[in-house]
Amino acid sequence: MSYLALYRKYRPVDFDDFAGQTEITDSLRYQVKTLSFGHSYLFNGIRGTGKTSMAKVFSKAINCLDPQEGNPCNRCASCLAFENNAQMDVIEIDAASNNGVDDIRELRENSHFVPAGSKYKVYIIDEVQMLSKEAFNALLKTLEEPSKQVVFILATTELHKIPETILSRCQRYTFRRVDQAAMVERMEYVAQNEGVEYEIGALKILSDHAGGAVRDALSMMDKTLSLSQGRLTEQAVRTSLGLLGRERTDQLLSAVFSGRIDDAVSEIDDIMREGKEIGNILEECLDFLRALLMTKLIPNRQRLEQVVSFSILDFVDNYREVEAGLIQQVIDLFDETYRKLRFASLPRLSLEMALIRAAQMGHGMEQLEVKKVVEKRKIEVIKEEAPVPDVIQPKDVPMYWERMLRQIREDGHQHLFFLLSEGKIEKTENDLLSLKFEPGGEYYVKNLQDPEYQKPLRQAIAKVFGKDMRLIPEAEKAPEPETQELSDLDMLKAFVGDVEKLKIK
Ligand SMILES: [Zn+2]
């Protein structure tokens, strides 16, 4: 049996199947029941909210031979023909691909014909905003002289592109984003029907990320099920959506709010290695921050739980000291970073800078001040202990390098500090410092060449090493493919083997 995507399998078959959109289903069902429906409809709303499905159910209902309280019966000849795609009188047109005036002219000719075997001929025109001006004019003529047995259902995601003359002739329905409760209810129905065990938290996460579109929620559910061998747990959903999860978001943000920049940055490093998307990380941070802000603003626990999508109360202890004003500032900062992400040349750097800036705001800053004093003292002690000699011995280079890193950090260049500390200082030749990164470390090398960092770097080097030295960052090359190495090794072995044989002789 071929696999059918969940969103196809669970396409609504009657008005009761729709998640949300109750005002629309109530109205259409009533019109079918009382035979009071019109000739032209316009369904407007974002993608994935059920416009086309609604158009199909409505077409089926008005043609049903035995409608049940306005719903199609799904048993009569007309309904069955519909389910088998054999219903000749319901014609779907995708205006995105049929935007020619000829198609609409043809439609105009044909629409005067009586239905082939049904009560009504229905034209569903998807993405109607894509029609050309001429095609709209032809459509308008058709709508102006409606035939009794023809119904038009136009669907659009961009209402503002529809001419006023068309709008004024249609009954208009606006499809809303489906809210979480309705979405979760629909997903529960699907999961139960599929015999899948699920955690309600998993469904809530899916709903959060579906942006109000049931189709997207079901597609993500499909993806999760196929990746997790049919288990619909919170963890499985997070993995399939590439999400961090609340615990790790909490680790990251509590590091930020307590000014532990190094922890925050290395946490990001771990997260990046797992292949998470920067955009997703920021989204999760924002969602967490929003929930955190709500705990400061809404003291009533019940009302709080209505407005946040997860139990933030499990995490609030780490943020007791953090004030609402600071959270707002950090939200603004992350939000701005998120919006600019598309244009960022190095998205990872944008994220790191946002974390560093956030850590420096308010509470975090005080901690940095304390750290500065401590580090300053340390450096003074080192300076007293070991004055810089004129010629630094290669073996002493790492010690001075460490001292220089502290200097950079003390000067407040946290990201530069982070970049430098990932490398390994190897040797000096005259006035050259060579900083080696592991294979794949091009990111650090590229960042270290940023003009913004050159001045603080020169200054710190001059201060600690006592003279100007040039730093050469370099990423090591990945080893050659194994087969090459093996053959070299084999040759060597063969050679050594020959030598041994010679010796024996
Ligand atoms: Zn029927």
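Two strands count as paired if DSSP finds at least two bridges between them. In this predicted model, five strands form an open sheet. Their order is E2-E3-E4-E1-E5, and the pairing is parallel. Strand E2 (90–94) and strand E5 (171–175) stand at the edges. Each has a single partner strand, so one side of each lacks a neighbour in the sheet. From one strand to the next, the twist averages 15°.

Strand E1 spans residues 40–45, and strand E4 spans residues 150–156. The two run in the parallel sense and are joined over five bridges. Within this pair, Tyr41 lies opposite Ile153 of E4.

Two helix pairs were also examined. Packed helices are described by the angle between their axes and by the distance between those axes. The crossing of H8 and H9 is right-handed. On the H8 side, the contact involves Gln180, Met183, Val184, Met187 and Glu188. These meet Leu203, Lys204, Leu206 and Ser207 in H9. By class, the residues of this contact are five nonpolar, two polar and two charged.

The second pair is helix H19 (residues 397–410) with helix H22 (residues 451–465). Here the axes lie 9 Å apart, at an angle of about 130°. H19 and H22 are therefore oblique to each other. H19 and H22 make a right-handed crossing. H19 contributes Tyr400, Arg403, Met404, Gln407 and Ile408 to the contact. H22 contributes Pro456, Ala460, Ile461, Lys463, Val464 and Phe465. The contact of H19 with H22 comprises eight nonpolar residues, one polar residue and two charged residues.

Confidence was examined along the chain. The mean pLDDT of the protein chain is 82, and 87% of its residues reach 70 or more. Over residues 380–385, however, the pLDDT is below 50. Beyond near neighbours in sequence, this stretch has one contact in the model. Residues 482–505 also have pLDDT under 50. For residues 482–505, the model has one contact beyond four places in sequence.

How values were computed
Residues numbered from 1 in each chain as written. Predicted model: local features only at pLDDT ≥ 70, side-chain atom pairs only at ≥ 80, totals over all residues. Helix = DSSP H or I, 4+ residues; strand = E, 2+ residues; numbered from the N terminus. Axes fitted to C-alpha atoms, helices over the stretch in contact; angles between N-to-C directions. Left-handed = near helix turned anticlockwise from the far one by under 90°. Contact = placed C-beta atoms within 7 Å. Nonpolar A, V, L, I, M, F, W, Y, C, P; charged D, E, K, R; others polar. pLDDT = per-residue confidence, 0-100. Parallel < 35°, antiparallel > 145°, perpendicular 65-115°, else oblique.
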